[in-house]
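I opened a new model today. My notes follow in the order I looked things up.

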Amino acid sequence: MLFARYFLFLCAFGVAACGFKPIYYTPKGETSVQELTAQIRILPVPEETGRLMVQTLKNTLNPDNLSVEKKYNLGVSLSKSINTDQGILNDNTSTRATMTMRAHYTLKDAQGKTVIDDSTFAMTSYNILTVPYSTVTAEQASERRLIKLLAEKISLHMANYFKKKINETQTISN
């Protein structure tokens, strides 16, 4: 027990000594990362998967639902592929499928200048069952997991961008 406390103390001291600051940490009186990510307008994405992506991004980029002026536009396009050639049985039927989803996203400022242009992907797998409804349900659940993962990756990229922007303005003002 004593060793565990000592170890935690050393870890906390080590992290503090290296200058590590959590991405969402904001000293008093400064603009927070969440206030800046709340300024992002998420453009509509087609289809049901796009609607889920937009809603998930809204929840992660502006969790407190701050009402602020939108100074940035975020466009996202999704593409999905499914590979069902895994877990082949003797009768040549697949028992496992892998789903990969890729998101290409572009963040533009109020003047239309591209600030971030990047893409990311996520992969998951699910069982192909003998009951078709169960397979469809598993595929839809996998798709929702992928959307959540992609939205979190995009949100972290946005938060990292704004954190760097805050640090740059602090360095210039000091």
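I started at T37, which sits in helix α2, residues 33-37. Helices here are DSSP runs of H or I with at least four residues, strands are runs of E with at least two, and both are numbered from the N terminus.

Ground rules next. This is a predicted model, where local features need pLDDT of at least 70 and side-chain atom pairs count only at pLDDT 80 or more, while totals for chains, interfaces and linings use all residues. Residues are numbered from 1 along each chain as its sequence is written, and side-chain values use heavy atoms, with hydrogens and water left out.

Is T37 buried or exposed? I found T37 buried, at a relative accessible area of 4%. Buried means under 20%, exposed over 50%, partly exposed in between (1.4 Å probe, protein chains only).

I then checked what T37 touches. Leaving aside neighbours within four places in sequence, T37 is in contact (heavy atoms within 4.5 Å) with L61, M158, A159 and F162. The T37 side chain also reaches the backbone oxygen of L61, at 2.7 Å.

I moved on to the strands. I take two as paired if DSSP finds at least two bridges between them.

Strands β2 (residues 72-88) and β3 (residues 94-109) run antiparallel, joined by 14 bridges. Q86 has R96 in β3 as its bridge partner. Their hairpin has five residues between the strands, and N92 there takes a positive phi near 65°.

β3 also runs antiparallel to β4 (residues 114-127), with 13 bridges. I noted L107 with its bridge partner I116 in β4. This hairpin has four residues between the strands, and G112 takes a positive phi near 90°.

Key: A polar contact is a pair of N or O atoms within 3.5 Å; within protein, one must be able to donate a hydrogen and the other to accept it, and residues adjacent in sequence count only if both atoms are side-chain atoms.
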